[in-house]
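Let's take a friendly walk through a protein model, one step at a time.

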Amino acid sequence: MVALSLRNIRKSFNGTDVIKGVDLDIDKGEFIVFVGPSGCGKSTLLRMIAGLDHATSGEIVIDGQVVNEVEPSRRGIAMVFQSYALYPHKTVFDNMAFGLQIERRPKAEIAERVGAAARILHIEELLRRKPGQLSGGQRQRVAIGRAIVRQPKVFLFDEPLSNLDAALRMDMRFELAKLHKELGATMIYVTHDQTEAMTLADRIVVLDGGVVQQVGSPMELYERPANRFVAGFIGSPRMNFIAAEVIGSGAGGPVLGFGDGQSVTVPAPGDWAVGQKVTLGVRPHDLFLAAAGQGRFSGEAGLVERVGTETIVTMSCSDGTDLVAALPGRTVVHAGDPIALDFDPQRASLFA
């Protein structure tokens, strides 16, 4: 069942198009993440769904109703911002209850809803405190609780973890995933952090320049990126891009030539013309050490980063190409060592 639809949504500011025709259906109970670089339009899109910005054209449909002209408070949405936006003079209870108090809900209902949200978020003991007495993570839980008590049709999150430190961000990602499972709610989450997108989303919407580049599950985007932008944005460290030329074709796909006379057959569907300049994409985790003289790439190890579970090695090839390889953590490589790298062509991507 579709909870929210965007139909050819466009947004312009002073004649400049920032959202350029977005079509998207979000099913009830889905966790959708909008991801992309700064300025790609992801927050603008979220604000239009919330009713904080108006679409220049197109339709926003929530639960079967076109809501373009509906006030934000009547759209059945609740939004959690990057800043916690809590009232410093109110207790946690009153911050969470404020929206219900404005709606003049019965006191018993308010107490029941706030209590239920506090139990879900494990903040029952904080209800009588004020925001100044809370940590950043606790304040964010209160902001999320304020959204939960409204029992919205759709939750909207605008980079809610950006103000937290790395360890707390990881904890809160776990809490958000657990919250989504517990509530079964429809959630739309905006972030520039592709790690958050990969760990939280049922589906990711990758945006660039106000255009949807690809929509799919995290592993679909990782394994089968639609274009070079998606391939470079999803995955850390980012994908290696290697200039190549189509030098032939075979039953297994186009034959590519690159580097110092090396060649490889890549199983890439489509029409590839001999002489065509292409880009070969290989993820760092798909590169492995090869015996001297046997790898498709050879050169000198530059920066070596030991991060425990893996060793990240930047290698400078003799043709000037720099490659990044994510090798097993116990790999013994030192800066300046001559090394050879290879990869499984089945794991490579090819871009025109």
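Is R104 buried or exposed? R104 is exposed, with a relative accessible area of 76%; here buried means under 20% relative accessible area, exposed over 50%, and partly exposed in between, using a 1.4 Å probe and protein chains only.

Before going on, a word on what you are looking at. This is a predicted model, in which local features need pLDDT of at least 70 and side-chain atom pairs count only at pLDDT 80 or more, while totals for chains, interfaces and linings use all residues. Residues are numbered from 1 along each chain as its sequence is written, and side-chain values use heavy atoms, with hydrogens and water left out.

Back to R104, which sits in the loop between α2 and α3. Helices (H or I, at least four residues) and strands (E, at least two) are DSSP runs, numbered from the N terminus. Most residues other than glycine have a negative phi, and most peptide bonds are trans. R104 has a positive phi of about 60° although it is not a glycine. Look also at N8 in strand β1 (residues 2–13): its phi is near 50°, again a positive value in a residue other than glycine. N8 is partly exposed, at a relative accessible area of 36%. P237 belongs to the loop between α8 (228–233) and β11 (240–250).

Helix α2 (residues 92–102) and helix α3 (residues 107–121) pack at an angle of about 135°, their axes 10 Å apart. Axes are lines fitted to C-alpha atoms, for helices over the stretch in contact, and angles run from 0 to 180 degrees between N-to-C directions. The angle makes α2 oblique to α3; angles under 35 degrees count as roughly parallel, over 145 as roughly antiparallel, 65 to 115 as roughly perpendicular and the rest as oblique. On the α2 side, the contact (heavy atoms within 4.5 Å) is made by F93, M96, A97, L100 and Q101, and these meet I110, A111, R113, V114, A117 and A118 of α3.

Helix α4 (residues 136–148) and α5 pack at about 20°, with axes 11 Å apart. That makes α4 roughly parallel to α5. Among the contact residues are I144 and I148 of α4 and L176 and L179 of α5.

Finally, consider charges. Side chains of opposite charge can pair when their charged atoms come close. The structure holds 16 salt bridges, each a side-chain nitrogen of Lys or Arg within 4 Å of a carboxyl oxygen of Asp or Glu. Which parts does the bridge between E196 and R169 tie together? In this salt bridge the closest N and O atoms are 2.6 Å apart. E196 lies in helix α6 (residues 194–200) and R169 in helix α5 (residues 166–183), so the pair ties together parts that are 27 residues apart in sequence. Both E196 and R169 are buried.

Another bridge joins D342 and R296, with 2.7 Å between the closest N and O atoms. D342 lies in strand β19 (residues 338–343) and R296 in the loop between β15 (287–290) and β16 (297–306), so this pair links parts 46 residues apart in sequence. D342 counts as buried at 13% relative accessibility, whereas R296 is partly exposed at 23%.
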